[in-house]
Amino acid sequence: MSHASVTERRPSGLRGASLPSWSPWGIAVGSLVLAVVIGLVGGLDSKVQWGLIAAILFILGTYGISARVEGRRQAKDRVATSLVWVCFLVAIVPLASLIWETAKRGVKVFDIYFLTHSMGVVADTETGGGIYHAIIGTLEQVGIATLIAVPIGVLTAVYLVEYGRGKLAKAVTFFVDVMTGIPSIVAGLFILSFWILILDMGYSGFAGSLALSILMMPVVVRSTEEMLKLVPNELREASLALGVPKWRTILKVVLPTSIGGITTGVMLAVARITGETAPVLLLVWGTNFINTNPFSDPQASLPLYIYQQYANSAGSGAAYDRAWAAALALIAFVMILNLAARGIARWKAPKTGR
C-alpha cells in the first residue's frame, strides 16, 4: 500500500461518532416536554419552575447523550455551549416579559392625544390627560444635564489619558470610580442640601439636571477614557513628529478617531439618567401643568409622572393605564437613544479598506 493511500485514509479513521446537527433542538424539546410532565404531576403551577426544570434537564441530557455517543471531552464542550444558551435565555426572558407586559398594558391609552396633552385640571382618578408636560420636562432636564456633564467628562478623560501622571491622576481616577457606583438618591440629597437649602434657589428642573449630571459624568469619563486608549499611539507619534503641538494632535487626530465610541458612550449615559426618579422627586417636585422654563418653579418628568400616577391613583384604572403608557413611552425613548448610539458608532467607525 502506498504512502499516499495511507494518508488519504487516516482522517476518516480518526473521525469519531458525532451527534446530528439537530440534536440540541431535539434535546431541548424533549427536556421541555419532560419538564411539563414533571410540573403537572408534581403540582407546580409556576411556568418559571417548569423552565428551570427544563434547563436542568437540557444540560444533563446534553452531557449524558453526548458522553455516550461522542465521548466525555466533546460532552463537556457541548455542556459549556448549553450553559451559554441557558444563561442567555434566563437573561432575555425577563426582559422580553417586561417589554411585552408594558406594551400590552400601555397601548390602552397610548395615542396622539396622550402624547400632546398634559394632566392640567384632570384629577388622577379621572380619565383623559397625557404626558406632554412630562415629555417637555424630561427633554429639558436631560438636555441640560448632558450639556453640563459631557464637556466635563470628555475633558477629564482627555486629561487622564493624555496628560494624567502622578498623584492627581490617581486621585481623579479613584473618585471617578467612586462616583460610578454612587446611588442616585445621594446625588439628589447633595443638590438638595447645597442648591435648595443653602443657596435657597428653589425647586426647578435645573436643580434636577444638576443631580443628573453628577450621575452622568463618571459614565462619560469611563467610556471616553476607554475609547481614547484604543487610538493607536502611532497616530499620535506621527503627528508629533511633524511638529504639531500636543493639544492640536488631540483635537485633530485623537478625538476625531474615537468620536464614534465617545458618542456611543454619551448616548448610553443619557439613556442611563433618563429613567432616574429619586433626584427628580427630591428636586423637581413635579406638576400637572406645562412648564417650559426649567430654571423656575417645579417641572414634570416621565419617571416622576409614572410614580405619581401609580402612587396617587387610589385604585383608579385610568391612572394605572396612564402609568403603563408613560412607562411605554419612556422605554421607547431609551430604545431610540440606544439605536441612535449604535447608528452613530457604525457611521463614525473607521473605514477599512485596501
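Biologist: Where do Lys 104 and Glu 101 lie, and how many residues apart are they?
Modeller: Both Lys 104 and Glu 101 sit in helix α4, 3 residues apart, which is about one turn of that helix; helices here are DSSP runs of H or I with at least four residues, numbered from the N terminus. Please keep in mind that this is a predicted model, where local features need pLDDT of at least 70, side-chain atom pairs count only at pLDDT 80 or more, and totals for chains, interfaces and linings use all residues. Residues are numbered from 1 along each chain as its sequence is written, and side-chain values use heavy atoms, with hydrogens and water left out.
Biologist: And what does Lys 104 form with Glu 101?
Modeller: Lys 104 forms a salt bridge with Glu 101, and their closest N and O atoms are 3.6 Å apart, the limit being 4 Å between a side-chain nitrogen of Lys or Arg and a carboxyl oxygen of Asp or Glu.
Biologist: How many salt bridges does the structure hold?
Modeller: There are 8 salt bridges in the structure.
Biologist: New topic: at what angle do α6 and α13 pack?
Modeller: Helix α6, residues 132-163, packs against helix α13, residues 302-311, at about 140°, and their axes (lines fitted to C-alpha atoms over the stretch in contact, with angles from 0 to 180 degrees between N-to-C directions) are 8 Å apart.
Biologist: Last one: where does Trp 285 lie, and what is its phi?
Modeller: Trp 285 lies in the loop between α12 (278-283) and α13, and its phi is positive, about 80°, although Trp 285 is not a glycine. Asp 297 is also placed in the loop between α12 and α13, and, although not a glycine, Asp 297 has a positive phi of about 70°.

Note on methods:
Helices (H or I, at least four residues) and strands (E, at least two) are DSSP runs, numbered from the N terminus.
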